[in-house]
Amino acid sequence: MWDDLKTRADAVAERRIETLFEDVGRARDFSVSALGMLFDYAKTNIDAPTRDALIALLDKADVAGRREAMFTGAPINETEGRAVLHTALRNLDGAAVTVEGQDVMPEVLDTLKRMEDFARAVRSGAITGQGGAITDVINIGIGGSDLGPAMAATALAPYHDGPRCHFVSNVDPADIADVLAACDPETTLVIVASKTFTTIETMTNARTAKDWMGQAVSDTGAQFAALSTAADKTADFGIAPERVFGFEDWVGGRYSMWGPIGLSLMIAIGPEAFRAFLRGGEAMDRHFRAAPWQQNMPVMLALVGMWHNQVLGHATRAVLPYDNRLARLPAYLQQLEMESNGKGVSMDGEDLGVHSGPVVWGEPGTNGQHAFYQLIHQGTRVVPCEFLVAAEGHEEGLEHQHRLLIANCLAQSEALMKGRDLDEARAKVAGKFEGDELERQAKHRVFPGNRPSTTLAYPKLDPETLGKIIALYEHRVFVEGAVLGINSYDQWGVELGKELATALQPIVDGKESTDGKDGSTAQLVGFLRANGS
Ligand code: F6P
């Protein structure tokens, strides 16, 4: 399968993508329209036989069977023996979803209702702090307990009509110090978001916040809430059960923003807008489950990505939202994709044989254009680019700026594909230079082109559309993981660093010696201790 695809890649290596547009139907045929969005992958070197070969990967890996297994609660997270059911969190029609014979939906919907009641009470002032209505919410969490709601709160800023929201994640005291300095402890609600309620960064920051609040507030428990699967640990921390919003271990951290981990977002934008976000995710679930492969947006997004990474060997992928409020989307996707599919062995412990998921990175356009696009256009490595752009912005009276944004987005994918050859470059500098100098100057102005990109276009970044986009990316990860035979739902690769950090702490504190550590680590400890406090 992979060999066949690699042979195809070799055969088309010299082909210019733009020549594929001699087929006048290409744009339509190499796009997926669904749920009011358009995913255009026509500006890639994928032709019909290549697409067929990519689609054949799906059947070989029984992606359809695995997809049903996920949606119906089978324990597809095999290394942890867990179901993978973040889709149940947005299953608003409440149709039964069973795990080990038990329908999980009554509890999911009950928790959603509790979250909504709590969010409404905070927003209306029925729940207050010691000093009156809640003005600030601080979400303390990291990884999946931070990136989702933080990304979405930025994305949905035009819908933010609740208290201010802050997100603290880093154990670096600078993070929490800056946020606490901007808040009044008497009118602040602290939400401790941690699936396990053991993560050292989160628990350290939570204790710091509790101490800060305790200096001004007599009943800190009344201004804390917890989002966790570990009810015993939240109780030990002093958070009353009615302030704990629980979920089950079948919700992975990086897939958890649809449930309790989304509480800060719900308080910010309100329960109705949060439901619209869930509806968007639910609509994408239905589409993913039913659409034929070639019209299936998550499937085609995944296959295009695999063509670029596993077949052509492009190690990174740039995510370039021409939508400033999606500034945190690349960071969110880094966890979603790289923690899910950054693995070297398949489910049965065998070496993968092809590359795992790509390095994902990016920044919003147009900012990136004035920073790293130089390398994307003229560097020696090919970086497949994934553009996202809305037809419409939120800023009334500034529509001309939005159109300029769109023009820039479309210009980049066109420039990447077409490039500029030496003759055109010569024409650019003719008149300014001549002879050898003209040749030399012209060469600097050549753009190789033939660089692939895709564009996801959508009407407007509203809550429902954001829900569709996030669910689209989640299912893309699923498809890639299923084809590779990876378990996309564990994350053993984060453990070693955690263990070593725990062991290093007493050494950094000066309570233990560096004996047994490598020379570099010992030297760094020595420098940092000698120059720190
Ligand atoms: O260390 C990685 C990780 O486990 C992520 O998978 C997770 O999202 C994050 O840490 C935070 O975990 P928790 O929500 O349990 O604090």
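Which residues does aspartate 40 touch, not counting those up to four places away in sequence? I looked up the contacts, taking contact to mean heavy atoms within 4.5 Å. Aspartate 40 touches Phe30, Ser31, Ser453, Thr454 and Thr455.

**Ground rules**

I am working on a predicted model, where local features need pLDDT of at least 70, side-chain atom pairs count only at pLDDT 80 or more, and totals for chains, interfaces and linings use all residues. Residues are numbered from 1 along each chain as its sequence is written, and side-chain values use heavy atoms, with hydrogens and water left out.

**Entry: aspartate 40**

I placed aspartate 40 in strand β2. Strands here are DSSP runs of E with at least two residues, helices are runs of H or I with at least four residues, and both are numbered from the N terminus. Next I checked cover. Aspartate 40 counts as buried, at 19% relative accessibility. My cut-offs: buried is under 20% relative accessible area, exposed is over 50%, and partly exposed is in between, with a 1.4 Å probe and protein chains only. I then took a distance across the sequence. Alanine 457 is 417 residues from aspartate 40 along the chain, yet their C-alpha atoms are separated by 8.1 Å.

**Entry: the whole chain**

I counted 20 helices and 15 strands in the protein chain. The C-alpha trace spans about 80 × 60 × 60 Å along its principal axes. How does the radius of gyration compare with that of a compact globule? For 533 residues the globule value would be near 24 Å, and the protein chain has 25 Å, which agrees. The radius is taken over C-alpha atoms, and the rule is 2.2 Å times the number of residues to the power 0.38.

I looked at burial next. Buried residues make up 51% of the 533 residues. For contacts between residues at least 6 apart in sequence, 76% join residues at least 24 apart. The accessible surface comes to about 23,200 Å², and 51% of that surface belongs to carbon and sulfur atoms. I used Shrake-Rupley areas with a 1.4 Å probe; for residues, only the protein chains shown count as cover.

I have 50 positive and 73 negative charges in the protein chain, and their mean positions are 4 Å apart. Lys and Arg count as positive, Asp and Glu as negative, while His and the chain ends are not counted. Each charge is placed at NZ of Lys, CZ of Arg, CG of Asp or CD of Glu.

**Entry: cysteines**

How many disulfides are there? I took a disulfide as a pair of cysteine sulfur atoms within 2.5 Å. The count comes to zero by this rule. Cysteine 183 is in no disulfide, and the nearest cysteine sulfur, in cysteine 165, is 10 Å away. Cysteine 183 is buried, at 9% relative accessibility.

I found a cis peptide bond from glycine 365 to threonine 366, with omega near 10°. Threonine 366 sits in the loop between β13 (359-361) and α14 (373-378).

I also listed positive phi values. Leucine 35 is not a glycine, but its phi is positive, about 55°. Leucine 35 lies in the loop between β1 (31-34) and β2 (37-40). Its relative accessible area is 30%, so leucine 35 is partly exposed. Phenylalanine 197, again not a glycine, has a positive phi of about 60°. I placed phenylalanine 197 in the loop between β9 (188-193) and α8 (200-214). Phenylalanine 197 is buried, with a relative accessible area of 4%.

Is arginine 26 buried or exposed? Arginine 26 counts as buried, at 2% relative accessibility. I found arginine 26 in helix α2 (residues 26-29). Beyond residues up to four places away in sequence, arginine 26 touches several residues, among them Tyr41, Ile46 and Asp47. Phenylalanine 527 is 501 residues from arginine 26 in sequence and 60 Å away, C-alpha to C-alpha.

Lysine 460 lies in the loop between β15 (453-458) and α18 (463-484). At 23% relative accessibility, I logged lysine 460 as partly exposed. Leaving out residues up to four places away in sequence, lysine 460 touches Tyr159, Ala390, Glu392, Gly393, His394 and Thr465.
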